[in-house]
Amino acid sequence: MKKQIVVLMSLFLVVVVLTVTRAVISNNLSTAGVDLSRLDQEIDTYQRKNALLQEKILHASAYTTLEETAEKRGYEAMSKQIVLTSPLPIAYKR
Amino acid sequence: MRWRYRLVLFFYLFCFFAVVLRLAHWQIVEADSLSLIGESQYGRSITLTPKRGEIKTSDNFPIAANKLAYLVFANPKQVSDIQTTAQILSPLLESEVASISSLLSLNRYWVALNPGVSYEKKEQIEKLGIKGIGFEEQYVRYYPEASTAAQLLGFVGKNSEGSSEGYFGLEGYYDRQLRGREAKAVQIHDALGRPILARMTGKVGGDDGRDLVLHIDRAVQFLVEEELKNGIERYGAQGGMIIVMDPKTGAVLSMASAPTFDQREYKDFDDGLFRNPIVSSTYEPGSTFKPLIMSSAIDAGLVTAQTKCTICDGPVSLGGYEIRTWNNKYHPNSTMMEVIQNSDNTGMVFSAQKLGLKRVLSYLDKFGIGEMTGIDLQGEAPAILREPDSWYPIDLATASFGQGISITPMQLISAFSAIANEGKRMEPHVVDKIETGDGKVIVIPPKEIAKPISSATAKIMTEILINAVDKGESKWAKPKGYRIAGKTGTAQIPIEGKYDPNKTIPSFIGFAPADDPRFIMLVVLDRPTTSIYGSETAAPLFFSIAKKLLLYYGIPPTQ
């Protein structure tokens, strides 16, 4: 008789624990949309920043920009080619 | 009593039938519309526009990329003071006050004020906090190198359905690859409009556009465009075209033409500028065509480099016409090598007559003259040759020196590349590989399309062309120490059945280093005013670029 009561009580406890667990999880899930929305917004922000930075990088590394910058800083285009012909340097020969 | 039971029975049966009928109507006839209503109550369907693929040069630099932009829209019913709002927005949107105020006066809930507004401008407008003004994020085409290679790239415009579509050049040819596929997604939300985690978006299908990696070398393209611009100014030309290609693979390393347009402001330019003249405009090639006929005659075993011309002592009379040399100077008994060196029309008539019409047409066919090259660009024009029956002896004679025959610059360089590549003609290609969103790389391998001449003929022809450069009219411009094979051309412009004596299309085609070509290049100028001759305009421009290219590729001189 006592054994039966223990079994029944245990079952009851399991049911109670599971019910409470379910309620807690459901409660968390129902409000997680807010976090999700925040995460989505953060992803959007980073993607936007990434796109803006990529645009800046492309602009800075474009040859048209580089040419302008080089001209401003006084660089000149290389127009001569230096070719080493024989005889080879003594050090190289050895 | 029995009739009462039956009445009740029939009544219930009728009711049951009516319920079944109504359910069937909902389940079958109105299923789609009802499910849409249902979906709209707990979520919303979103169409996700794919990002257009980028177009990259051989160094992986995107010359056509995507840029973040905003569509500024308004709800006119929420805008309280139309005139003040229009005055505030006018400088920021770079639009007339009247134009904005007329849009805000419309009896609508949504009007687009300006597409493609930058992030900085959007921030400025947002800070003003004007009621009824909103923004929609979008990606628009961005060209970091400005209008570089505009006619090669084409542009992205809107089609009749309002969607983005590529037109002309690569944007047009590879539109389906670049465009990608739209995705559908349903976002489930709660009563307050917040998304529910357990019922998150279910994305269906869709792919971002694929990226194109070109053979185009950004440094070479930049150099060629600068040189073309300077050349047009220096020689007072109306325009010009330059193509640089790797003859061994058919890879197009650079392609530039002028006048051109700006892809960002394409609406402000004339439609005629959108076409790439290198593949879509035909012209008479003039003397640059001679090496094709000469190499055919050598390949057929009818002449050698040392064969003497027996009709070169004066003008050649043919069918009532008289064929003269370009400078009216004649070289009796000149060899075929000298015929090319002197760009002698009578010598070319000699070799064409040796070949005969049938063989000339057969060789031209193998050189790809009269058919499309197969280049991966939108708008390639077929420059079709006349039917064999309609050729007269005078036509064969004039065709031998590139008159009375029309081809595109692309056809010419494609045919000429066979001489530089041991007789093999490769299919010209701009795109090297296609990169998919999931990391796959589709490589487009080089393709041999014909072998019009033998390797031995190609070597002989190369030597003839080296001699033409070393002893020809433009030898002064050639970079010292290099073996360069090439030929000048001065094509006349046919006007009302005659040739204009003062206007020409000078050109120069050649490859370097001649013994192991790294590039083949064609330079064409349109009606220069400083000189009508190719040797004084196109040739110096060719050598100026060739010198810089040899330097760029680090090729040392051999002589």
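How many residues does the contact take from chain A and from chain B? It takes 18 residues from chain A and 20 residues from chain B, where two residues are in contact if their C-beta atoms, placed from the backbone, lie within 7 Å. This is a predicted model, in which local features need pLDDT of at least 70 and side-chain atom pairs count only at pLDDT 80 or more, while totals for chains, interfaces and linings use all residues. Residues are numbered from 1 along each chain as its sequence is written, and chains are lettered from A in the order in which they are written.

**Where chain A touches chain B**

- Helix H1 (2–61) and helix H2 (63–72) of chain A are the elements that give two or more residues to this side; helices (H or I, at least four residues) and strands (E, at least two) are DSSP runs, numbered from the N terminus.
- H1(A) gives the most, with 12 residues.

**Strand S20 of chain B**

- Eight of the eight residues of S20(B) (residues 519–526) are buried, so this strand is largely enclosed by the rest of the structure; buried means that 20 or more other C-beta atoms lie within 10 Å of a residue's own, with C-beta atoms placed from the backbone.
- Phe519(B), Met521(B), Val523(B) and Leu525(B) point one way from S20(B), and Ile520(B), Leu522(B), Val524(B) and Asp526(B) point the other way.

**Partners of S20(B)**

- Strand S10 (residues 239–246) of chain B pairs with S20(B) in the antiparallel sense over seven bridges; strands pair if DSSP finds at least two bridges between them.
- In S20(B), Ile520(B) has Met245(B) opposite.
- Strand S19 (residues 498–512) of chain B runs antiparallel to S20(B), joined by six bridges, and a hairpin links S19(B) to S20(B) through six residues.
- Ala512(B) stands opposite Phe519(B).

Conventions
Buried ≥ 20, exposed ≤ 12 C-beta atoms within 10 Å, placed from the backbone.
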